[in-house]
Amino acid sequence: MIKVIKNGNVITMDSEREKVEKLDIVIEDDKIKEIVKDYSGEYDYLIDASDRVVMPGLVNSHAHLGMSLFRATNDNLTLNSWLENYIWPIEDKLTDDDVYYATLYTCIEMIKSGTTSCNEMYQNISHDFFHLLFRNIIWNKTLCSTLCSQFSEIPIRSAFLAVLS
């Protein structure tokens, strides 16, 4: 399948972050084949990017996706006060379903804002949750994600130390 993004204002990844106006990006089988002015070849799908910016996807390098529910709550507090007195008591009551749907919501926000990958750091989530998330988001090539875990968690720390020894 050939997709063409036509007439985009392209921001490059060169050292000057050069902006080139009215370029066409030709994508074949999910890989950029060429970037040219006035592409006139065949295509299966066309995106008119006139008056739009085309740039590489954004990366969220430290995410707690399930915590989007707590955004803008209890502002003007120190981090410790916010966590210890407000967030952790509520978080203790969350179910895997609560966190799953909050994570899906956050993934939709990221996709809409141009974020193409994230490094998920949320802890205390079941294996079933991650399997479901990967099946519904990551495996469908919607969003790329890396799942990290706190080394303070006993199973992860034990496994890590076993690899080192």
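This is a predicted model: local features need pLDDT of at least 70, side-chain atom pairs count only at pLDDT 80 or more; totals for chains, interfaces and linings use all residues.
The side chain of Arg 71 meets that of Glu 109 in a salt bridge, with 2.9 Å from N to O. This pair ties together distant parts of the chain: Arg 71 sits in the loop between β6 and α1, Glu 109 belongs to helix α2 (residues 96-112), and 38 residues separate them. Glu 109 is partly exposed too, at 26% relative accessible area.

How many salt bridges does the model have? The count comes to four, and the Arg 71 pair is one of them. As a general point, side chains of opposite charge can pair when their charged atoms come close. Another example joins Lys 3 to Asp 30, at 3.6 Å from N to O. Here again distant parts of the chain are linked, with Lys 3 in strand β1 and Asp 30 in the loop between β2 and β3, 27 residues apart. Lys 3 is partly exposed at 27%, whereas Asp 30 is exposed at 56%.

Is Asp 24 buried or exposed? Asp 24 has a relative accessible area of 0%, so this residue is buried; the limit for that label is under 20%. Asp 24 is part of strand β2, and its side chain forms a salt bridge with Lys 6, at 2.6 Å from N to O. That pair connects strand β2 with strand β1, where Lys 6 lies, across 18 residues. The side chain of Asp 24 also has a polar atom 3.3 Å from the backbone nitrogen of Asp 38. Leaving out residues up to four places away in sequence, Asp 24 touches a whole list of others. Among them are Val 4, Ile 5, Lys 6 and Asn 7, along with Glu 34, Ile 35, Val 36 and Tyr 39.

Asp 29 has a phi near 50 degrees and is found in the loop between β2 (19-28) and β3 (31-36). At 53% relative accessible area, over the 50% cut-off, Asp 29 is exposed. For Ala 72, phi is about 60 degrees. Ala 72 belongs to the loop between β6 (58-63) and α1 (79-91), and this residue is exposed as well, at 66%.

What about aromatic rings? There is one aromatic pair in the count. The pair consists of Tyr 100 and Tyr 101, with ring centres 5.1 Å apart and planes at 75 degrees, so the arrangement is edge-to-face; the angle needed for that label is over 60 degrees. Tyr 100 counts as buried at 8% relative accessibility, while Tyr 101 is exposed at 54%.

Note on methods:
Residues are numbered from 1 along each chain as its sequence is written. Side-chain values use heavy atoms; hydrogens and water are left out. Helices (H or I, at least four residues) and strands (E, at least two) are DSSP runs, numbered from the N terminus. Buried means under 20% relative accessible area, exposed over 50%, partly exposed in between (1.4 Å probe, protein chains only). A polar contact is a pair of N or O atoms within 3.5 Å; within protein, one must be able to donate a hydrogen and the other to accept it, and residues adjacent in sequence count only if both atoms are side-chain atoms. Contact means heavy atoms within 4.5 Å. Rings of Phe, Tyr and Trp (its six-membered ring) pair if their centres lie within 6.5 Å; planes under 30 degrees apart count as stacked, over 60 as edge-to-face and the rest as tilted.
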